[in-house]
Amino acid sequence: MGGIFFTLRMGFINIVGFKQALKIVYSQHKSHNKKPTSSKKNISFYKNQKSKSQLVDNVNYPDEIDSENEVQGEISSFQALTTALSASIGLGNISGVAIAIQLGGTGTVFWMTLAGIFGMSSKFVECTLGSQYRTIGLDGTTVGGPMYYLSRGLKEIGKEKLGKILAVAYCFAGIGAAIGGGNMFQVNQSFMALAVVFPALQSYDWAVGLVLAFLVGLVIIGGVSRIGVITSRLVPLMSVIYILGCLWILKTNFAAIPHAFASIFTEAFSSRGMEGGLVGIIIQGIRRSVFSNGAGLGSAAIAHAVAKTKEPIQEGIVSILEPFLDTVVICNLTALVIATTQVYWTTVGNGINGSILVMTAFAQVIQWSPAVLAGIMCMFGFSTMITWCYYGEQCWIYIFGKSNSIIFKIVFLFCIFIGSVVNLGAVLDFSDMMLLTLAIPNILGCILLSNKVAKELKKYWQKTITV
């Protein structure tokens, strides 16, 4: 339970840092359209390097190569937040919640929420490390993520061999996670949502897959800067529309809300509802929470590593908003919609399909909502795919080099087509397996490096108080 450890070790940063996170995002959002700072001066540092492959073995921290204390990075903290949110706020928050309820009852939502709260601390640690151990490439681009802080950070504490092993293991798992949960699951549930509204598409899943692959391809060619621009506009808009829809349904079914909360709490400690009893319910809730917010996976650190900031701790504090927004807020709204409409009682046992269950719940109150909801799901799925493509590409580059990154993009786009035609069960199992494999090296590395983060956090609070 890495989240519990990090919460205690970081002095309940998930609670005490929340107000500061909002303050940072507000100030960054006001200035995120300013002209980016050039990183060309930093390129000269690498001119004596023999090859790009040596860049990974000769990482330099921004404050070491930045004599004028420039703010390094390619996107703003707000864009980094929305980019990371686009990977976490997706169909895992909508159909993923519905699947959890179908498999384990409403009690799974309680454990999802609890895991999300502790996950805020996990996000803080991994995103702080991602920013701290990032590097500037030969072409001036910024890169970072778990593979860098695992190899560099563990080397600093005398565990160089372990760091290299964990970094490589993380990258292989990251490639699989990008293809599974960040790709095939998203397109699979997006198609299911479209097929409900447009039944004629049921025989054209392959066509939907090809169209999505084409659209994703158009975006990922532009790199992280284009991804940051698109997600900074798309994610807030889709989130607001979805939240307003949920609130309208809850307003209509206001009298059923107390019973829904009671059901979530009582079933959380019940042995009924699924194979494995209470333990099975807890596991299902935690699995869907991790799938939803990505806490402990380290993937968000890849996005936050390229944010324009001089303060790694500050970037980590911003990241705690992600599990709160996508799990504590959006997942619970989805769960309450399903619970108050009680559609899951008639759907459980008739097959697992999260998208259809959520759309059925919305249609109980807003008859025309399935069409809008299908569009929202597709947009959420689209934003998640483009971000996870970037995550997977960075893992691929770390192992195979930047010159071969086009291979990963081709494989990723091809798997969008595969995800549209295979059944959900196979996609879900593969996605969960890859995400678990991804979490193991990241959490282990973060625990070993937690003392470094704790010391920097203490300095940050002291400096903030004095200011």
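When I say contact this morning, I mean heavy atoms within 4.5 Å. With that in hand, Thr-113 touches Thr-327, Val-328 and Asn-332, leaving out residues up to four places away in sequence. I will come back to that residue after a word on the model.

This is a predicted model, in which local features need a pLDDT of at least 70 and side-chain atom pairs count only at pLDDT 80 or more, while totals for chains, interfaces and linings use all residues. Residues are numbered from 1 along each chain as its sequence is written, and side-chain values use heavy atoms, with hydrogens and water left out.

The pLDDT, which is the predictor's confidence in each residue from 0 to 100, averages 78 for the protein, and 76% of the residues score at least 70. Helices and strands here are DSSP runs numbered from the N terminus, helices being H or I with at least four residues and strands E with at least two; the protein has 23 helices and 2 strands. Where is confidence lowest, and where is it highest? It is lowest in helix H5, residues 62–65, at a mean of 34, and highest in helix H9, residues 146–156, at 93. Over residues 35–70 the pLDDT is below 50, although this stretch has 59 contacts in the model beyond near neighbours in sequence. Where pLDDT is low, the predicted coordinates should not be read in detail.

Now to the fold as a whole. Buried means under 20% relative accessible area, exposed over 50%, and partly exposed in between, with a 1.4 Å probe and protein chains only; on that scale, 58% of the 467 residues of the protein count as buried. Among contacts with a separation of 6 or more, 84% are between residues 24 or more positions apart.

Let me turn to helix H8, residues 107–132, which packs against helix H17, residues 321–341, at an angle of about 170° with the axes 8 Å apart. The axes are lines fitted to C-alpha atoms, for helices over the stretch in contact, and angles run from 0 to 180 degrees between N-to-C directions. Angles under 35 degrees count as roughly parallel, over 145 as roughly antiparallel, 65 to 115 as roughly perpendicular and the rest as oblique, and H8 and H17 are therefore roughly antiparallel to each other. Thr-113 is found in helix H8 and, at 16% relative accessibility, counts as buried. Among the H8 residues that meet H17 are Val-109, Met-112 and Lys-123, and their partners in H17 include Glu-322, Pro-323 and Ala-335.

Helix H8 also packs against H1, at an angle of about 75° with axes 7 Å apart, and that makes H1 roughly perpendicular to H8. Here Gly-2, Gly-3, Ile-4, Phe-6 and Thr-7 in H1 meet Phe-118, Ser-121, Ser-122 and Val-125 in H8.

Is Phe-12 buried, partly exposed or exposed? With a relative accessible area of 40%, Phe-12 is partly exposed.

I will finish with Ser-405, found in helix H21, residues 405–421, and buried at a relative accessible area of 11%. Setting aside residues up to four places away in sequence, Ser-405 touches Glu-393, Trp-396 and Ile-397. Ser-405 and Gln-394 are 11 residues apart in sequence and 8.3 Å apart in space, C-alpha to C-alpha.
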